[in-house]
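Morning, everyone. I have one chain to walk through today. Let me put it on the screen.

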Amino acid sequence: MGKTLTSEKGVPMEMAEKMTEAATDTPKPDVDAEHWGRVYETTADDAVSWYEPEPRASLEALALADIPVRASLVDVGAGSSRLVEHLLDRGATDLTVVDIAASAFETSRARLGPRAGRVDWAVADVTQWRSDRLFDVWHDRAVFHFMTEPAQRDGYRAALRTATSAGSWLVIATFADDGPERCSGLPVQRYSGPGLIAEFGSDFVAHDVWRDEHRSPGGVIQPFTWAVMRRR
């Protein structure tokens, strides 16, 4: 999968950067709903830069932690990702997806057909969303790096804490520290492995962190930092 940077038995956590200071500002609800709705309404599903016909890195991350296919999983910022259909193909029975853009889910539902009824769909800003249940796995491929303000990251972590408990897994990917500075017209916060761990280190223990490269439909290579962590 790539070079491991840290693990439960590997690099000491003191190498990680300090945890981001908690902010007192309240995140603005649905701050990007109009933007993302427009993106999914005007761009073909297989033309967005994050498109991948098979969610290879996500599936490899789940396998790395030996997470059973029937574990309850929430995919935040799911958009029109193929992850849920690949998990359904493998026998998953408890899947929830969260995204701020309702138009993205229209694409996913159409693709899934009758199987869409086997997935719980939540249109929400993840920084404001609060789950009424717990999940075994929180999956995020490329949403957290859009949280460029401390208040947004605080809201995200609050949602994560509400939706998970001791032993739950966090599977997360962001642009690497040498990755793109912007995506879909918006600025992003890039992370090294230690930097990404530091954002969640008070609640989660790092299991594995690595670098992966995504090739966009236009052929651009985008470096990502991936991490698998477990709730304390």
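One term before we start: buried means under 20% relative accessible area, exposed means over 50%, and partly exposed lies in between, with a 1.4 Å probe and protein chains only. A second one: helices (H or I, at least four residues) and strands (E, at least two) are DSSP runs, numbered from the N terminus. Now the ground rules. This is a predicted model, where local features need pLDDT of at least 70, side-chain atom pairs count only at pLDDT 80 or more, and totals for chains, interfaces and linings use all residues. Residues are numbered from 1 along each chain as its sequence is written, and side-chain values use heavy atoms, with hydrogens and water left out.

The overall picture comes next. The chain has 6 helices and 10 strands. It runs to 232 residues, and 54% of them are buried. Contact here means heavy atoms within 4.5 Å. Take the contacts between residues at least 6 apart in sequence: 74% of them join residues at least 24 apart. The chain exposes about 10600 Å², with carbon and sulfur atoms supplying 48% of that area. Those areas come from the Shrake-Rupley method with a 1.4 Å probe; for residues, only the protein chains shown count as cover.

On to α2, residues 56-64. Which residues of α2 are buried? They are A57, S58, L59, A61 and L62. These buried residues pack against β2, α3 (83-89), β5, β6, β9 and β10.

Just after α2 comes D66, with a positive phi of about 55°. Most residues other than glycine have a negative phi. D66 sits in the loop between α2 and β2. Its relative accessibility is 66%, so D66 counts as exposed.

A142 is another non-glycine residue with a positive phi, near 80°. You will find A142 in the loop between β5 and α5. Is A142 buried or exposed? Buried, with a relative accessible area of 13%.

Helix α5 covers residues 150-163, which makes 14 residues. From first C-alpha to last, α5 reaches 20 Å, close to the 20 Å expected at 1.5 Å a residue. The expected span is 1.5 Å times one less than the number of residues. Of the 14 residues of α5, 11 are buried, so the helix is largely enclosed by the rest of the structure. Among them are Q152, R153, D154 and R157. What covers the buried residues of α5? The cover includes β2, β5, β6 (169-175), α6 (193-200), β9 (204-215) and β10.

Y156 is 28 residues from Q128 in sequence and 7.6 Å away in space, C-alpha to C-alpha. Q128 lies in the loop between β4 (119-123) and β5. At 33% relative accessibility, Q128 is partly exposed.

Two more pairings. D177 is in the loop between β6 and β7 (182-183). At 45%, D177 is partly exposed. Leaving aside neighbours within four places in sequence, D177 contacts R190, Y191 and S192. The C-alpha atoms of D177 and S192 are 5.1 Å apart, across 15 residues of chain. Then S103, in helix α4 (residues 102-112). S103 is buried, at 9% relative accessibility. Its C-alpha is separated by 6.3 Å from that of E41, 62 residues apart along the chain.

On a 1 Å grid over the protein atoms alone, a cavity is a set of points where a 1.4 Å probe fits but cannot get out, and lining residues have an atom within 4 Å of a point. Grid points are joined across faces, edges and corners, and a volume is the space filled by probe spheres set on the points. How many cavities of 30 Å³ or more does that rule give? The count is 1. The largest cavity holds about 630 Å³. Its lining has 40 residues, and the closest to its centre are Y40, G77, D99, A142 and V143. So A142 turns up again here, as one of those closest to the centre.

Which elements each supply at least two lining residues? They are α1 (33-42), β2 (73-76), β3 (95-99), β5 (137-141) and β10 (221-231). The lining divides into 21 nonpolar, 11 polar and 8 charged residues. Ala, Val, Leu, Ile, Met, Phe, Trp, Tyr, Cys and Pro count as nonpolar, Asp, Glu, Lys and Arg as charged, and the others, Gly among them, as polar.

Definitions and conventions:
1 Å grid on protein atoms, 1.4 Å probe; cavity = no way out; pocket = protein on both sides within 12 Å on 5 of 7 lines; lining within 4 Å.
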